[in-house]
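Take a moment with the picture first.

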Amino acid sequence: MTVDLLVRDAYVYVDRDWEINGGWIAIKDRRVHSLGKSGDEPKAARTISAKGRLVTPGLINAHHHMYQNLTRSFAPVTNGTLFQWLTGLYPLWANIDDESVYLSTYIAMVELLMGGCTTSMDHMYVHPKPFLIDAQFRAARDIGFRFYATRGSMTRSVENGGLPPASVVQSEDEILSDSVRLVEKFHDATPGSMARVALAPCSLFSVTENIMSQSAQLADKYDLRLHTHLAEDPQEDEYCAEIYKCTPVEYFERVGWATPRSWVAHFIYPTEDEIGRLAHAGVCATQCPCSNMLIGGGSADVMGLRKRGMRVGLGCDGSASTDHASMWLEARTALLLGRYRNGPHSMSARDALDVATRGGAACLGWDNEIGHLRPGACADLVIWHMSDVALAGAHSDPVEAWLRCGPAVAGTTIVNGEPLIENSLPVMSQLSDVLREHAKHARRIQCLEA
C-alpha cells in the first residue's frame, strides 16, 4: 500500500499522552493513517523530511474577529479600555462590506496558517451589510482552510442602552432568519467537514434577552454550538447588575446557555462558585492572552479553570486588539501568564500545547477528529521551524524548546492533507493581489488618504 503523504525524521507530538522521538506520520485520504518510529515507514506518493524538527497537531483558534485586521493598531484607540476601544472602532466597522470581509478573512486565515493554526472559528458580530459570513466561507474555500463560522449578532445600539451605532445592529427577526439560512446553507456536521456554523450573540450587553434564549432554542433544534463573550470586564458586571439585577454568569444561566453546547470567550471575572457551576454544566472557555494583556483588563486563570474540570482553549481574539494572528505567540503568552500568575511549577509547555490543540477542539465540540494526530484524525499538522541560532543549546526537550525558545513559525502547515504553508511561505498565488486590495479597503475604513 502507498500512502498519499509521509512526514519523516520528526519529533512527533501526537497528543499529551503520546510522543515519538525520531518518528514519522503517514497521511492517506485526508486522514492520519499511521505513525511510528523511523525505519518502518510505508511507501508514499510524496515524502517530506522534517529534519528532526517538532511536528504537532495543527493549533486551533477558538476565538477570533477576523474583520478587525482592517483596523489594526488604529492609533486613536491603542491606549483605551475595552469599552473605549469598542466605541472608538464601531463607527469604522460600520463601513465594512462583503469584499472587505472576504479580504480580511483571507488575510487572517493565511496569517493563522503561518502561525501553525489549521482550524479557526470566527465571531462575526458586526453586520452593516447582509451576507458577510458568506464572503468568509468563500475565502475559506479558496484557501482550503478548516473554518468554523459563528453567526454573531447585536441588537442593542447606543440609542437603547448598548455600545455600537445603530448601523451595525440588527432586529431579532433579521438575526434569527439569517442564522437559519447560514446553518442550512453552510453547516456540515459530517466527519472531516471543512465548514461548520455556530450561533454567537456578541455579549450580554449588546443583545436582548430574547435573542439569547432564541439562539439557545435554535441550537437545540439544529444541534449547534453556542458562543459568546462572558465575564470579560468589570463594567460588564456593573451593566448586568443594573439591567438584569444579576451577575453575567447568572444571566448566562437564566437564558439557557449553561449547557455542554456552549463555549465562552475570556471568562476573566467569574466567582469561584460560578466557575464550578459552569464547569459542571460542561461549558468550555477560551483564553485570549495577548489581547487581554494589550487591553489591560486581566486574563483567565487557565490552569485554575482546568483544575476545576473546565476545558479551556486559546484564541487570538480581534486583530485590532491583539494586532496579530499567531497561535504560537498566544500559546507562549499563555505559558508566561500561567507561570507568572501561579509559579514555575504551575504550567509547562505541554500544558500550553494541550490547551492550544485538544482544548480548542473541545471548545468547538470537535475533539474526536482535530487537536491530535492519532490514527483516524483529520490530517491537520505542523512542522515547526526555528532558527538554528534560537535553538542552539536546546537538546533535551523539543516541546519545551518550542515555546521557551523562539520565535517559531510554521515551516509546513498541512490542512486536510494538503500543504498550505511550505518553507514557511504561503502557497496561495493570489496573496499579493489580496494584500494590495486589503490595503485599499483598510485605508478607506480608517478614513486615511489613498
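Here, contact means heavy atoms within 4.5 Å. Keep in mind that this is a predicted model.

Q: What covers the buried residues of α1, including which helix besides α6 and α9?
A: The buried residues of α1 are L82, F83, W85, L86, L89, Y90, L92 and W93. What covers them includes α6 (234-243), α9 (289-295) and one further helix, α15.

Q: How far apart are the end C-alpha atoms of helix α15?
A: Helix α15 runs over residues 431-445, which makes 15 residues. At 1.5 Å a residue, a span of 21 Å should result. The model agrees, because the end C-alpha atoms of α15 are apart by 21 Å.

Q: What arc around the axis do the buried residues of α15 cover?
A: The buried residues of α15 are L431, V434, H438, H441, A442 and I445. They lie on the same side of α15, because around the axis they cover an arc of only 100°.

Q: Which residue takes a positive phi just after α15?
A: Look just past the end of α15. The phi there is positive, about 60°, and the residue is C447.

Q: Are α4 and α5 roughly parallel or roughly antiparallel to each other?
A: The axes of helix α4 (residues 172-186) and helix α5 (residues 209-222) come within 11 Å and cross at roughly 20°. Angles under 35 degrees count as roughly parallel. Therefore α4 and α5 are, relative to each other, roughly parallel.

Terms used:
Residues numbered from 1 in each chain as written. Predicted model: local features only at pLDDT ≥ 70, side-chain atom pairs only at ≥ 80, totals over all residues. Heavy atoms only, no water. Helix = DSSP H or I, 4+ residues; strand = E, 2+ residues; numbered from the N terminus. Expected span 1.5 Å × (residues − 1). Buried < 20%, exposed > 50% of the residue type's maximum accessible area, 1.4 Å probe, protein only. Arc of directions from axis to C-beta. Axes fitted to C-alpha atoms, helices over the stretch in contact; angles between N-to-C directions. Parallel < 35°, antiparallel > 145°, perpendicular 65-115°, else oblique.
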